[in-house]
Amino acid sequence: GDALFFGERAARAGVSALPVRIATFDGIRGVEAAEALDAGARVLAVPAANALQVTPDSPCPRWVDPKVWRSAAWDLRLALLLLRVKQQAERGEGLNEARAAWLDLLPRSFDTPLYWSDADLEATGYPPLIEAVAKQRALWSKHRAEVAASARAMGEQASGEAEAGVQPLCAPSGEELDWALSCVRSRAFSGPASGTLKAAAAQLGFAGLLGLVSVVGGFLAPQQAVDGVSVVGVSLVFSDVVASRLLARGKRHVLCPYLDMLNHASSRSGSRLEYDYFGDAFGASLDPAAGPVPPGAELLISYGDRSNDQLLQYYGFVEAGNPHDSFLVDQQSFLLALGEADPYPKERLRRLSQARVPLTDNTAAVSLTAEGGGPRAMQLARLLFLAEADLADDGASPSSPAGEERARRAVGAAAALVWKQRRDSRLEAAGAGFAKGSPTDAPSRHRGLARAFAAEKERVLERCVAACGGRCE
């Protein structure tokens, strides 16, 4: 059962864990401290052999169509690996106990917007999320068709492969592939695509064998062979540990049992998920700034600087007061809001096309945050509200203090108007019985998440207005 997951099963799988256990917090499964834990403690270390992982250079497994693998992004590759493990478990093929227990604990269903009704999506009142989910649905539909067709084709040609002990991936249903992709997008993490100790050891062993053959054959003196193998060893470690972090080698994406049970909080920005090269293990350390963890408290880590758009679309929750959240509006709507809230000379619109990097894409996203306008919002405001003498770098760089204050006031006025339009639209929808079905129906969980998301977006606008010196009325 769950009680054994971080105990005996973990120990038998080589997992090093401080006293922790699975628990439920507000209906969501997570990990709690069974005993008091020190600030910044390394709570888990999981041997890399237990994880599923891919890099841009990962070779195509023999059970996958090479054409599908080559064109697949990291999430589809990991999903295919997960489906392979799941099918092996269903066939009774020897999974280790830790991975089998982990499969049993994976979610059976998801509450992410991919699975929502159109009405629930519309309840967010947020076109960027609605458009992102539409693109996700189209992409995953394409994945379903490609994976199913290639799996069937490989199955029909599998007689020779079966004799070699390679069972092709059984064609997954659309629901199965969506489930695997949802698991991956909500549970995987990433880091530099460095080499692994196991691969380095294999290369070093080969170098040692060549050195031995060279000595026995009289081609090298023993010391020369030792020096050569030493150079190979040092170069491997440098390449894997140092160069991979300094040079762009892409990312390693990992789906790791045990680590994926830890839930997110943006406030835990000092937490770490990392690969221990010499231990060949993935580990999790708590945020030192969060202080000691008392018994019974939930262990939280940060998944990174995720907006509520990302958290809801792929993880299925909304974080209240998310410091990384923003409100996105397309440039055309932002310009209309600017012009209505704080009219500017219309002839200044020509400046947008005259900039060295023209700002003529009216579909481009303009970001409004709790700190004020994002870079594009401020550049547009400077170009439209400041005199030519006050502009620097086509409005991309800050101007004089007075000029910056003027641009901020304009952005704040536009954000206040967007906030008012959203509030009026929400009140109108509520008065008209926007929810499908009977007005007395209890809100679904999806509708509740949509409303929580919408409320957080309105709070972002409120804080943006305040940061720009204005008020929402």
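Reply: An axis here is a line fitted to C-alpha atoms, taken for a helix over the stretch in contact, and angles run from 0 to 180 degrees between N-to-C directions. Helices (H or I, at least four residues) and strands (E, at least two) are DSSP runs numbered from the N terminus. The model is predicted, so that local features need pLDDT of at least 70 and side-chain atom pairs count only at pLDDT 80 or more, while totals for chains, interfaces and linings use all residues. Residues are numbered from 1 along each chain as its sequence is written, and side-chain values use heavy atoms, with hydrogens and water left out.

The part to start from is helix α4, residues 74–90, which packs with helix α5, residues 97–105, at an angle of about 105 degrees and with the axes 11 Å apart. That makes the two helices roughly perpendicular, a term for angles of 65 to 115 degrees, where under 35 is roughly parallel, over 145 roughly antiparallel and the rest oblique. From α4, the residues Leu 82, Val 85, Lys 86 and Ala 89 meet Arg 99, Trp 102 and Leu 103 of α5, contact meaning heavy atoms within 4.5 Å. By class, this contact holds five nonpolar, no polar and two charged residues; Ala, Val, Leu, Ile, Met, Phe, Trp, Tyr, Cys and Pro count as nonpolar, Asp, Glu, Lys and Arg as charged, and the others, Gly among them, as polar.

Helix α4 also lies across strands β5 and β7, running at about 150 degrees to β5. These strands belong to an open sheet of three in the order β5-β7-β6, with antiparallel pairing, where two strands pair if DSSP finds at least two bridges between them. At its edges are β5 (52–54) and β6 (189–192), each of which pairs on one side only, and neighbouring strands are turned against each other by 25 degrees on average, direction ignored. Strand β7, residues 251–255, is joined to β6 by four bridges, and Phe 189 has Val 254 in β7 as its bridge partner.

Turning to the spaces, a cavity is a set of points on a 1 Å grid over the protein atoms alone where a 1.4 Å probe fits but cannot get out, a pocket is an open set with protein on both sides within 12 Å along at least five of seven lines, and lining residues have an atom within 4 Å of a point. Grid points are joined across faces, edges and corners, and a volume is the space filled by probe spheres set on the points. Two cavities of 30 Å³ or more are counted. The largest cavity has a volume of about 60 Å³, and its lining includes Trp 63, Leu 80, Val 147 and Met 154. Helix α7 (127–156) gives the most to that lining, with four residues, and by class the lining has eight nonpolar, one polar and one charged residues.

The largest pocket has a volume of about 820 Å³. Of its 25 lining residues, Ile 28, Arg 29, Asn 263, Tyr 315 and Phe 317 are the closest to its centre.

A further open sheet has three strands in the order β12-β13-β14, paired antiparallel. Because β12 (327–330) and β14 (372–373) stand at the edges with a single partner strand each, one side of each is left without a neighbour in the sheet.
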